[in-house]
Amino acid sequence: MKRFLVLCPGIFFSLFIQAQLPEDALRMSFLRPYGTARQQAIGGAMGSLGGDISANYVNPAGLAFYKTGEVIISPGWAFNSSNAGYLNNNTKSPSSNNFLIGTSGLVYGWGDQNGTTAISLAVNRSADFNGHISYQGKNSYSSGAEAYAEEFNNSGLTIDQALAEPGLSYGTRMALYTYLIDTPSGGVGPAVVQPDNVLKAGGQIGQSTNIQSSGGITEIVLGVAGSTHEKWYLGLSLGFPIVNYEQNTQYTETDLSGDANNNFGSYTYSEYYSSKGAGVNGRLGAIFRPNLNWRIGLAVHTPTFYSLTDKVTATMVSNTEGYAGVKSVESGTLDLAANSGNSFDYDLQTPWHIVLSGSYIFPGQVTKGKMGFITADAEYVSIRSSRFTFPLDENGNQPDNSYFDPLNNTIKSYYKNTFNFRLGGEYKMDELAFRIGGSYTLDPYSSSQLEANRTTIGGGIGYRKKGIIIDLTYVEAITNDVNIPYRLSEKDNVYSTVKQYTGSIILSCGIKF
């Protein structure tokens, strides 16, 4: 059984109150942006190469290599599947497919060897959240109901007060409502946890998690760049990402002991969660070209400053056998009792990014016939700087953000800053170009017990003649991550190891003018 101890126990009560989790910050930071077919075929490395509209999203200085106009569109299709391991049991999740849009838009450049200027408007899928994760196993160590009991015990409230308290999570209030957890006298805790009756008798609880997610981040960018004497290239882009994320989660526990008189048969918690909003960011970059063969790039990406709204609806059905029988409740019932809604507004600041790049072009000068390049990026991502805050009030003042301190402190201890590496190359023969590349993202977790990384490898072909652009690419991404069904502060936490496979076909078609 895989277990780990959470680094900051104080986070549990606060997280249930505000609904955000450390994973929310990671989801908005541990991204794999799409791009044009050409850029994706070379591993996404575009920090020093330039001459591609996707430079808007990596190093906008690369736009300054344009001396003409270009319109391009990059539709694609993604194939998703995953395998998960949990409590010595492996599960293959159902596959899913979805349409995507890589970097598409317009670039217009003009100038000569003394200097160039370029402007651009582009749109790109900066993150794709489509996926399906499913896992199950037999647990003789802990129950998800214990997390509800911890929150209730820490609240210091009576059951009647807790049921009408919107600051408590739906799960905890539903567990009280359906008698999944209770107190011996119906008053203040400590709570009685019905699934503990199974565990204390040496039995096992069957646990099943099913998570379906959809949506993504679509980012619109305005870019401008210029160069002097084909040596120095400078660029700036302003991005406006739009977030649309939805997740349906169902978590079930079942008594496997066969004892119908231990006050626990099963419970299922189902939740629909959405996060929607928009943000703004900036990218500033430079490329130095000492000669025709070499290019060196440096780019800085500011954090994205998001304004987001989360909404949650939930249901729970619990069977406590002879204790209270089968009970069910919906979140709408609890909202009426608490005179509250189911949405939450907040701001999120994502990490800084610093990209250092290099490219070698051979033979250097533009020639008819054979030529090519090798290019590489190293990107630093300050994941620990992610931060949740409240929006400004109606008077433009910043509210007290101490409410988020436990969550922000946990992000700093739970994650570490990390690196992305990208490498690719192209070999061109007359009108045809052949490309290959890959990327690797390092582990963002600070705990040695949790491991996550992402590897991509891809390749493609391209065609250029008389202003016509056609590129076709296939990329396979393998992401290793963990999923934690529930968190306990007084016990080690069990978790699932997840391996996700995403294959993408991207076709870019464009015209130079």
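Hi everyone. Of the 513 residues of this protein, 53% count as buried, where buried means under 20% relative accessible area, exposed means over 50% and partly exposed lies in between, with a 1.4 Å probe and protein chains only. Please keep in mind that this is a predicted model, in which local features need pLDDT of at least 70 and side-chain atom pairs count only at pLDDT 80 or more, while totals for chains, interfaces and linings use all residues. Residues are numbered from 1 along each chain as its sequence is written, and side-chain values use heavy atoms, with hydrogens and water left out.

Let me begin with the overall picture. The protein has 10 helices and 26 strands; these are DSSP runs, H or I of at least four residues for helices and E of at least two for strands, numbered from the N terminus. The C-alpha trace spans about 85 × 50 × 35 Å along its principal axes.

Now, the charged pairs. Side chains of opposite charge can pair when their charged atoms come close. Here a salt bridge is a side-chain nitrogen of Lys or Arg within 4 Å of a carboxyl oxygen of Asp or Glu. How many salt bridges does this rule give? The count comes to 15.

One of them joins Glu-230 and Lys-67, at 3.0 Å from N to O. Glu-230 sits in the loop between β11 (205-228) and β12 (232-255), Lys-67 in the loop between α4 (55-58) and β2 (69-73), and the two are 163 residues apart. Glu-230 is partly exposed at 27% relative accessibility, and Lys-67 is partly exposed as well, at 39%.

Glu-219 and Arg-283 also form a salt bridge, at 3.0 Å from N to O. Glu-219 lies in strand β11 and Arg-283 in strand β13 (residues 266-288), so this bridge ties together parts 64 residues apart in sequence. Are these two buried or exposed? Glu-219 is buried at 3%, and Arg-283 is buried at 8%.

Glu-219 has another partner, Ser-126. Their side chains make a polar contact of 2.9 Å, that is, a pair of N or O atoms within 3.5 Å, where within protein one must be able to donate a hydrogen and the other to accept it, and residues adjacent in sequence count only if both atoms are side-chain atoms. Ser-126 is in strand β7 (residues 115-128) and is buried at 6%. Beyond four places in sequence, Ser-126 touches Leu-31, Arg-32, Pro-33, Tyr-57, Ile-217 and Glu-219.

Next come Arg-435 and Asp-471, whose salt bridge is 2.9 Å from N to O. Arg-435 is in strand β22 (residues 432-441) and Asp-471 in strand β24 (residues 468-483), 36 residues apart. Arg-435 is buried at 6%, and Asp-471 at 2%. Both belong to a network of salt bridges that also links Arg-38, Asp-52, Glu-426 and Arg-464.

On to the nonpolar cores. A nonpolar core is a set of buried Ala, Val, Leu, Ile, Met, Phe, Trp, Tyr and Cys residues joined through side-chain atoms within 4.5 Å. The largest has 69 residues, and Tyr-148, Ile-181, Tyr-267 and Met-316 touch the most other members. Apart from it lies another core of 25 residues, among them Met-46, Leu-63, Ala-299 and Phe-373. Leaving aside neighbours within four places in sequence, the contacts of Met-316 include Tyr-148, Met-174, Leu-180, Tyr-267 and Val-329.

Finally, helix α9. In α9 (residues 331-338), Ser-331, Leu-334, Asp-335 and Ala-338 are buried. Seen down the helix axis, the buried residues of α9 fall within an arc of 105 degrees, so they line one face; the arc is that of the directions from the axis to the C-beta atoms. An α-helix has 3.6 residues a turn, so residues three or four places apart point the same way. What do the buried residues of α9 pack against? They pack against α6 (159-163), α7 (170-177), β15 (305-319) and β16 (326-330). The face turned away from the buried side carries the exposed residues Leu-336 and Ala-337. Just after α9, Asn-339 takes a positive phi of about 55 degrees.

Technical notes:
Contact means heavy atoms within 4.5 Å.
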